[in-house]
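The exercises below ask you to work from the coordinates to a description, one step at a time. Please look at the sequence and the model before reading each solution.

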Number of protein chains: 2
Amino acid sequence: MRLLVVEDEARLAAALQRGLQAEGFAVDVAATGPAGLDAARHGGYDAMILDVMLPGLSGYELVRRLRAEEHWLPVLMLSAKDGEYDQADGLDCGADDYLTKPFSYVVLLARLRALLRRGAPQRPAVLAVGDLRLDPARRRVTRADAEVTLTAREFALLDYLMRRPGQVVSKIELLDHVWDASVETAPNAVEVYVGYLRRKLGRDLLETVRGAGYRLAT
Amino acid sequence: MRLLVVEDEARLAAALQRGLQAEGFAVDVAATGPAGLDAARHGGYDAMILDVMLPGLSGYELVRRLRAEEHWLPVLMLSAKDGEYDQADGLDCGADDYLTKPFSYVVLLARLRALLRRGAPQRPAVLAVGDLRLDPARRRVTRADAEVTLTAREFALLDYLMRRPGQVVSKIELLDHVWDASVETAPNAVEVYVGYLRRKLGRDLLETVRGAGYRLAT
DNA sequence: CTCGGCGCTGTGAACACGCTGAGGATGCCG
DNA sequence: CGGCATCCTCAGCGTGTTCACAGCGCCGAG
């Protein structure tokens, strides 16, 4: 289990890190809001413990941004304030649980375990770009509310592109991530499948960037 | 949204009921542990607010029994004690969140909303999808009110799929969860059992998603 | 305008995937 | 011990999917 602790008070951060490591967690620490957001985005953590008062970016704002980007990492918020409206704010902006300082270590652990037991709360329910919708769990794709049936490879390709809307993705990158990396596949295969997707979803969706790759229209 | 409030203090129970009804919830009240357990078992509620100190059966014990019977209703616990170990106990015995008396109404609402937003893993007592019904306790399955007899494996497979209606479930996942994980079983076994289920329950129920897995029709 | 290279697409072959009937292994019960 | 139910492997078959190939069109540079 990997945890991310975002806390600027060095002593508290260190104490948390030591304590949680003793419980068998792998713990990374970030000391500022932006650093925490970055780590949460890229880190593959199982949960985050997040202070509200942070330099650079408040905990509230951090969670809001994370949720806006469809990251569903469980978040346990810590706050020095104990006014009741703060708790409500924290939960409403997307945190999963809330603890007021000073808190006891035992309570922290119990809450954390409850959070982890629950697992990631919601999943990226559906990816949406324009009128295009892709539901990974149900494995369904619709364009303008019309269902489109895709083969496994087509689906994987679209999934990958929809997670990077507006970005140019090279054929090499697609071969590495959508195709089996161990099998040597010609880049032309990507062109072929882009062709299939265009035929099924409409010409306007996938833009070719000559010499660089493909971009999903936003 | 239907709520169950289990609270023996009449004044508090009435206050909660009035307040929550004003928010648009349908609220039932039970005044004792056994009555609460009974209501929770049979009621089809979306969440339960549960006092710890109850006549007949403590809140801890109530949740424990509920969970043992595989009811996964979200539970928000209320306690007059505020010793930290109580919180830990409450969470560890299966509650989803915890509030200490005296609490403010605003906080209660925020927590409740967070709980409902999270939506505890839906596992109702009787699973139903379309005209298909599966009762885990009685181990019975009916399709259009006609009883169908299944073998243990067939039943376990259908059970797992019915808990994820509309979602695509891979053969690997099924092998991991429906079959004994320690025994190496060929993926073909899943195909065989899907075939059995189709034969007994009708062709239309289980859709195969080539290259991905199976999906229970919604 | 011309040319080279990149990307698009129709064709078709190899392949992988999933379905099914047969049957062996195992365990339970009379 | 024999009969029966259940579980699961195996092999064959049909079909959808994947991808290489080759020819062509188009874009951009010179």
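**Exercise 1: the surfaces near the DNA**

Helices α6 (152-162) and α8 of chain A, together with α6 and α8 of chain B, each supply at least two residues of the surface near DNA strand D, where helices are DSSP runs (H or I, at least four residues) and strands are DSSP runs too (E, at least two), numbered from the N terminus. This is a predicted model, in which local features need pLDDT of at least 70 and side-chain atom pairs count only at pLDDT 80 or more, whereas totals for chains, interfaces and linings use all residues. Residues are numbered from 1 along each chain as its sequence is written, while chains are lettered from A and ligands numbered from 1 in the order in which they are written.

Task: describe the residues that surround DNA strand D and DNA strand C.

Solution. Step 1: take as near any residue whose C-beta atom, placed from the backbone, lies within 6 Å of the strand. Step 2: 23 residues surround DNA strand D, and A:Thr151, A:Arg153, A:Ala186, B:Thr151 and B:Ala152 are the closest. Step 3: for DNA strand C there are 18 residues, the closest being A:Glu191, A:Gly195, A:Thr208, B:Gly195 and B:Thr208.

**Exercise 2: two helices of chain B**

Task: find how the axes of α6(B) and α8(B) cross.

Solution. Step 2: the axes of α6 (residues 152-162) and α8 (residues 188-201) come within 10 Å and cross at roughly 90 degrees. Step 3: α6(B) is therefore roughly perpendicular to α8(B), the term covering 65 to 115 degrees. Step 4: B:Arg153, B:Glu154, B:Leu157 and B:Leu158 of α6(B) meet B:Tyr193, B:Tyr196 and B:Leu197 of α8(B), contact being C-beta atoms, placed from the backbone, within 7 Å.

**Exercise 3: a buried arginine**

Task: is A:Arg140 buried or exposed?

Solution. Step 1: locate A:Arg140 in strand β8 (residues 140-143) of chain A. Step 2: A:Arg140 has 20 other C-beta atoms within 10 Å and is therefore buried, the cut-off being 20 or more, against 12 or fewer for exposed. Step 3: beyond four places in sequence, A:Arg140 touches A:Asp135 and A:Glu147.

Note on methods. Axes fitted to C-alpha atoms, helices over the stretch in contact; angles between N-to-C directions. Parallel < 35°, antiparallel > 145°, perpendicular 65-115°, else oblique. Contact = placed C-beta atoms within 7 Å.
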